[in-house]
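Trainee: I have a new model to go through. Can you take me around the contacts, the core and the sheets?

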Amino acid sequence: MALSLSDLAVARGGVPVLSGVSFTLDAGQALVIRGPNGSGKTTLLRTIAGLQPALSGSIEGADDTVAYAGHADGLKAMLSVAENLTFWAAVYGRRNIDAALAAYALAPLKDRLTGTLSAGQKRRAGLARLMVTGRPIWVLDEPTVSLDTHAVGLFADAVRAHLRAGGMALLATHIDLGLDADVLDVTPLLAQANTLHGASDEAFL
Amino acid sequence: MSLWEYANPVKFLALSARVQPFAWAAAAIGIFVGLAWGFFATPDDFRQGSTVKIIYIHVPAAWIAINAWIMMLVASLVWLVRRHHVSALAAKAAAPVGLVMTVIGLLTGAIWGQPMWGTWWAWDPRLTSFLILFLFYLGYIALWEAVEDPDTAADLTSVLCLVGSVFALLSRYAVLFWSQGLHQGASLSLDKEENISNVFWLPLVVSIGGFTLLFLALVLYRTGTEIALRRTRALGVRLDRHT
Amino acid sequence: MIALLVRDLRLAFRAGGGFGLGLAFFLILVVLVPFSIGPQSALLASIAPGILWLGALLACLLSLDRLLALDFEDGTLDVLATAPLPLEAALAVKGLAHWITTGLPLVLAAPVLGVLLNLPAQGFGWLVVSLVLGTPALSMIGTFGAALTVGIKRGGLLMSLLVLPLYVPTLIFGAEAARRGAVGMAVETPLLLLAGISLGAIALLPFAAAAALRMTIR
């Protein structure tokens, strides 16, 4: 069980943003992706999650193993926290949401409508969604946005527990979570992409 | 040497530049000869009088209106399967031409219908089908305009063109079912018995040929414009990334 | 799949879910018709099947805006696209949920509104049958239209422009069946064609809608 990228190039709106992305993530490992705004971190994560096609290169081990959390939480304001999580668990063929509620201290909030939660509480519910999927590879885009220090601690604990259980995590974040994780800085890969051919508009030049 | 080489925009432009003068010239000659012959060198119809002469504009316009959509359908399929930009842009370029031809077909039909049927408009199957085709063209063009990313726009409009073609065909049969018409039978048919007589038929074929060449020239020209726009965009992107 | 259906239904029935809006629109539209046409019962009776079909179609169109747009904004579609459930199935289920919350209430309300328009007694049964057979096509075509325009800002009006021409065959066969039913003519042919369109739409349009949605998400 491993996620392995080799010489991956990704494009945003037909324009290459990153190229030559290669790494292997084994069970129990985490990787933090760093880079300036607009460097293509989100594009890279969406490509790995299978939401958009890669420009070139290959991704192995990502079929039906990735749980993706983007900027939006995928939660319905008019449903309670428990209803939201139960729904996502059912989509992934699972039932139990108690562990996820406990990990993010959501038990007292579970019957509240998601729309009445604060931004940080909502984010916690969004992160809890990853736990109910039961998928081994978590792909997280800026997961700590609007979380307070305590909640960041809860999140780091949840990631650690996930890794101990043989899971993997791929995070784009600027906060030091205190995880034992490698860091991939995409800035040099950005420069490479500037000279890359294969952009969709390239044919017109 | 394969046809697909011209899917490259630069090669396409080079070929298009060579073909276009001939296409424009041949279109002008075809339309001029067809119309002049039709208007001045054919007898009046024994029932319809000289009003019948509008046929030399009406039928070619209707012919292009339908065939432009079929060409867009083929181009959309080529884009979805082979991802050739020229194909997607040719479909985009053909749509307004098809729309205008549909309008010309409807307008000349109304002008012809007034003296013949005593009304500008009737909910006849053929007229109604063209009105529906007009709506499909409008939707297709509007979708192109609304989507910002050009490749996504090409994708979505291609899917609309495919699904729209199926529903346009369904509408055609639905409309036939719904109303029996006033419209005369097909002007051109492979069945010799059904054809209009030779005197009218020959200039009509010349005129249709001219309109078809006009369509070709317009689509080549407009595709060139679309390619130039994409090229400008690509250069802008490149400029952004090197500064 | 059932979870998605239950969730969509639950959302529709909760406050702010928009359930009943289409129904209310249908009611108001039908009530307005005699004001614009006049109260002569013979005239109303002759146009009743067509008006009821047109009203149901417009009421259906009204709620398509929300079919995918909200799920797109809150990231649900991104997650659904990466979930084990195929996107085609997810969209078919969303179309079904739309039919249950919009199409079915319209079918049930149509006979009541038929009374207001003096629909002949023999026409009620065929009106309901034609709506039952036709509204699933309206929901599925609408789902396709919503998938095409979901990524476009203020795409609602554009969606109407794209969807309405696609509604033409359904409207023709549906209204024709209801009209023939009302005047006591044979209804089999338009009803069968209508059912054919619905079945075809249910079988094929989820694939077209999923393709369009993937293109937008990308």
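Trainee: How many residues does each side give to the contact of chain B and chain C?

Mentor: This is a predicted model, where local features need pLDDT of at least 70, side-chain atom pairs count only at pLDDT 80 or more, and totals for chains, interfaces and linings use all residues. Residues are numbered from 1 along each chain as its sequence is written, while chains are lettered from A and ligands numbered from 1 in the order in which they are written. Contact means C-beta atoms, placed from the backbone, within 7 Å. Chain B gives 21 residues and chain C gives 20 residues.

Trainee: Which element gives the largest share of the side of chain B that touches chain C?

Mentor: Helices (H or I, at least four residues) and strands (E, at least two) are DSSP runs, numbered from the N terminus. On that side of chain B, helix 4 (125-146) and helix 5 (150-178) are the elements that give two or more residues. The largest share is twelve residues, from helix 5 of chain B.

Trainee: Which residues touch the most other members of the largest nonpolar core?

Mentor: Such a core joins buried Ala, Val, Leu, Ile, Met, Phe, Trp, Tyr and Cys residues through C-beta atoms within 7 Å. Buried means 20 or more other C-beta atoms within 10 Å of a residue's own. The core has 200 residues, and those touching the most other members are Val139(A), Leu170(A) and Leu52(C).

Trainee: What is the bridge partner of Ala69(A) in strand 6 of chain A?

Mentor: Four bridges join strand 5 of chain A to strand 6 (residues 137-141) of chain A. In strand 6, the partner of Ala69(A) is Leu140(A).

Trainee: Which residue of strand 4 of chain A stands opposite Leu5(A)?

Mentor: Four bridges join strand 1 (residues 2-12) to strand 4 of chain A, running antiparallel. Opposite Leu5(A) stands Ile59(A).

Definitions and conventions
Pairing = 2+ DSSP bridges. Buried ≥ 20, exposed ≤ 12 C-beta atoms within 10 Å, placed from the backbone. Contact = placed C-beta atoms within 7 Å.
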